Amino acid sequence: MPFIKKKKSYNFEPHYPAVYAGFDKLSGGRIQYSAALPQIGSKSWEWGINPFSGGIALTRDNHWGGVTSALGIARIVHKLDDNYGFEKIDGMTVCQPAPEGVEYQKSWLRYWAFRLPVSIEWQTKFGSSRTFIAAGPEVEWRVGIKFRAKYEGAKHTLSDKLNTHPLGLNLLLQAGYDCIGFNARFALTSLFEGNKGPELYPASLGIAWYW
């Protein structure tokens, strides 16, 4: 009918970054972004990609979006400072200065992580593009965990058995406009096994490009 205004359709589009990168810290507690040990913040980083993502709309209006999920992989590196490193002593992982007579030129803990987030996302039109906010849990499976150091002019793998948890649970927060956004990731479980290593929670803040 000519006098009835036709309601514009609004298609829900889940947001997960195609590529993201940021700085990270090993915090002493959950939902914190502060290093609990000597760490070089400007050289501790992570990057990742999400080749698969999808979502289910919860409402028909143009505000509350839906439930989203993705599958991605990330590379994480924690650079230590002040000649500190991780080592295993009598079955316990500790973070302490290098052995006497050894001077680390640099030292770092690194690993890969396969990540599976599930988020509740809110989105709406703002101008010609969309703005969005999302939050939810994320499971990660860590592989290739190693502590490495460079000294005497060469790189050495000092340990790949540090009582780390292969599985972790994070809180993932995201916000953005159009194809640019920011994310914050806070571990809810310790990187190391209980009573077998320091209680440390990886956390990161970064920027992301969304498809």
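Student: What makes F126 count as exposed or buried?

Tutor: This is a predicted model, in which local features need pLDDT of at least 70, side-chain atom pairs count only at pLDDT 80 or more, and totals for chains, interfaces and linings use all residues. Residues are numbered from 1 along each chain as its sequence is written, and side-chain values use heavy atoms, with hydrogens and water left out. Buried means under 20% relative accessible area, exposed over 50%, and partly exposed in between, with a 1.4 Å probe and protein chains only. F126 has 58% relative accessibility, so F126 counts as exposed.

Student: How do you know whether Y104 is buried or exposed?

Tutor: The relative accessibility of Y104 is 12%, and therefore Y104 counts as buried. F147, with a relative accessible area of 0%, is buried.

Student: Why is the pair of Y104 and F147 called edge-to-face?

Tutor: Rings of Phe, Tyr and Trp (its six-membered ring) pair if their centres lie within 6.5 Å; planes under 30 degrees apart count as stacked, over 60 as edge-to-face and the rest as tilted. By this rule there are 8 aromatic pairs. The ring centres of Y104 and F147 are 6.4 Å apart and the planes stand at 70°, so this pair is edge-to-face.

Student: Why does this pair tie together parts that are 43 residues apart in sequence?

Tutor: Strands (E, at least two residues) are DSSP runs, numbered from the N terminus. Y104 lies in the loop between strand 5 (92–97) and strand 6, whereas F147 is in strand 7, so the pair ties together parts 43 residues apart in sequence. F147 also belongs to one aromatic cluster with F86, Y104, Y151 and F192.

Student: Which residues touch the most other members of the largest nonpolar core?

Tutor: A nonpolar core is a set of buried Ala, Val, Leu, Ile, Met, Phe, Trp, Tyr and Cys residues joined through side-chain atoms within 4.5 Å. In the largest such core, which has 23 residues, F86, L109 and F147 touch the most other members. Strand 7 gives the largest share of this core, 5 residues.

Student: What makes K106 a charge that sits over the ring of W108?

Tutor: A charge sits over a ring if NZ of Lys or CZ of Arg is within 6 Å of the ring centre and within 35 degrees of the ring normal. The charged end of K106 sits over the ring of W108, 5.7 Å from its centre.

Definitions and conventions: Helices (H or I, at least four residues) and strands (E, at least two) are DSSP runs, numbered from the N terminus.
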